[in-house]
Amino acid sequence: MSATSTAQMETSAPSRAAPSTEPVFIPPMPRTLEETGLTPALLADLALKILYNAGYLTGGQLAERLRLPYTGVTEAILDFLKREQLVEVQGARGVGEQAYQYALTARGRDRAREALDRSQYAGPAPVPLSAYTAAMRRQSHKGTRVTPRVMRQALSHLILNDRVFHKIGPAINSGTSIFLYGPPGNGKTSIAEAIGHRVFGGAIYIPYAIEVGGFIIKVFDEVNHEPLPNHRSGQTGVLKSPADARWIPVRRPFIVSGGELTLEMLDLTWNEISRYYEAPLQMKANGGVFLIDDFGRQQVRPRDLLNRWIVPLEKGVDYLTLHNGQKFEIPFEVLIIFSTNLNPRDLVDEAFLRRIRHKIEIPDPTPAEFREIFRRTCQARGIPYDDQALVYLIQEWYIKRRRPLRAVHARDLLAHIQDIASYFNVSPTLSKELIDRACEAYFVEMGGASTASSPPKAG
């Protein structure tokens, strides 16, 4: 890394992180009802709801839906349901007790409807809060330690100088919070993404859901969580793993929220129709990174948002409240990254900034840095690089107009050049005509006249 380059936008698509995808923790599979940590009543109701929705299932299929082993656990649930005359055997679909096909009795259907009135959750069996807490502590992102060598590999797609580069590594090792600030378009989001995807690229186990006070909180989110490529979900093979199948191995989460973030999104979401909870964003981000992008542009005031983070950032725990008023504690094992192009002192006072341990400014690129970004982006896009053309661009469209250089401009202007060249069926080059047309289309020029009225020359 050159000492004359500063952290800016990536010039090519970053590859996936190098860290091992082997989880540091594997939840042991329960062998008995007691080892699930759940009450028999909760498991019985969940089995009834699954059977009610499915119509009929074999014992093995029910075990797969519950994500529980058949021997010692699902068979015990079925034995209880049979004794209570809530299910009955309707033939077999193979050899052995797991192949017995079960359906609800009339009494079982009534009981299932009562259970669905209380909660319509009918997914994998949850894990108890205590198990979730212990697992998140063991899989904390704070165990991640980076060195200059690791950072250079992880951020190789960015242009960085030592001044900015050596601030990022210690901030990651702190495991607490990072404040990235500076003008728009200079790579703050790209740096955060590199931390989330390339530095924190390992794997953790998260539960599909947890149980608190008899209520279900759904944790696994298909949008925000990325299961490991070799993980087979659904009905194929999940019970062959030595791990508790109520947990799913995912890449360490990297969750992004921007201007749409509200305080309500940081609390449990209760669905009055389904009657179970959705975990808040910071809980889904446990074990990974939570990027609050465009900080200061949220619907909630920056002061109120930071007030929400004071206890979690300082104590490493968060407190959530059920709709019945019951409060409970969850681990806060999240690296929070705030990113803003606003003046930090216009957002919050010094006392709040003090609570965010690492503040890193990402400034505009210098002409030399912009040149390297432009050269790399030309190479990535297959456009011949021309030093004289870049001199023309900077002189005519930046210096004369007193416009600051932004790292993102290289990517955007070259994309414009390709679009224009494609329209006129000419090769994309750094000709003055194509540069002028791209700049006129990209920059807002008040009262300026077009400098290009005819098609660009081929060549």
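# Close-up views of side chains and a pocket

**View 1. Asp 304 is partly exposed, with a relative accessible area of 25%.** Here, a residue is buried under 20% relative accessible area, exposed over 50% and partly exposed in between, using a 1.4 Å probe and protein chains only. The model shown is predicted, so local features need pLDDT of at least 70 and side-chain atom pairs count only at pLDDT 80 or more, while totals for chains, interfaces and linings use all residues. Residues are numbered from 1 along each chain as its sequence is written, and side-chain values use heavy atoms, with hydrogens and water left out. In this view, Asp 304 meets Arg 301 in a salt bridge, with 3.0 Å from N to O. A salt bridge here is a side-chain nitrogen of Lys or Arg within 4 Å of a carboxyl oxygen of Asp or Glu. Arg 301 is exposed, at 53% relative accessible area.

**View 2. Asp 364 and Arg 406 join their side chains in a salt bridge.** The N to O distance is 2.7 Å. Asp 364 sits in the loop between strand S17 (358-361) and helix H13 (367-381), and Arg 406 in the loop between helix H14 (387-399) and helix H15 (407-424), so the bridge ties together parts that are 42 residues apart in sequence. Helices (H or I, at least four residues) and strands (E, at least two) are DSSP runs, numbered from the N terminus. Asp 364 counts as partly exposed at 27%, whereas Arg 406 is buried at 16%.

**View 3. Glu 372 and Arg 376 share helix H13 and form a salt bridge.** Their closest N and O atoms are 3.1 Å apart. The two residues lie 4 apart, about one turn of the helix. Glu 372 is buried, with a relative accessible area of 18%, and Arg 376 is partly exposed, with 23%.

View 4. Phe 215 and Trp 270 have ring centres 5.9 Å apart and planes at 85°, so their pair is edge-to-face. Rings of Phe, Tyr and Trp (its six-membered ring) pair if their centres lie within 6.5 Å; planes under 30 degrees apart count as stacked, over 60 as edge-to-face and the rest as tilted. Phe 215 belongs to strand S8 (residues 215-218) and Trp 270 to strand S11 (residues 269-270), so the pair ties together parts that are 55 residues apart in sequence.

**View 5. Trp 309 and Phe 332 form a tilted aromatic pair.** Their centres are 5.6 Å apart, with 45° between the planes. Trp 309 lies in helix H10 (residues 302-315) and Phe 332 in the loop between strand S15 (327-331) and strand S16 (335-340); the pair links distant parts of the chain, 23 residues apart. Both partners are buried: Trp 309 has a relative accessible area of 0%, and Phe 332 has 3%.

**View 6. The charged end of Arg 401 sits over the ring of Trp 397.** It is 3.9 Å from the ring centre. A charge sits over a ring if NZ of Lys or CZ of Arg is within 6 Å of the ring centre and within 35 degrees of the ring normal. Trp 397 is also part of a cluster, where ring pairs link it with Phe 370, Phe 374, Tyr 398, Tyr 442 and Phe 443. Elsewhere, the charged end of Arg 152 sits over the ring of Phe 165, 4.5 Å from its centre.

**View 7. The second largest pocket has a volume of about 280 Å³.** It has 15 lining residues, and Leu 42, Lys 49, Ser 119, Gly 214 and Ile 216 are the closest to its centre. On a 1 Å grid over the protein atoms alone, a cavity is a set of points where a 1.4 Å probe fits but cannot get out, and a pocket is an open set with protein on both sides within 12 Å along at least five of seven lines; lining residues have an atom within 4 Å of a point. Points are joined across faces, edges and corners, and the volume is the space filled by probe spheres set on them. Helix H1 (40-54), helix H4 (106-118) and S8 each supply at least two lining residues, with the largest share, 5 residues, coming from H1. By class, the lining has 8 nonpolar, 3 polar and 4 charged residues (Ala, Val, Leu, Ile, Met, Phe, Trp, Tyr, Cys and Pro count as nonpolar, Asp, Glu, Lys and Arg as charged, and the others, Gly among them, as polar).
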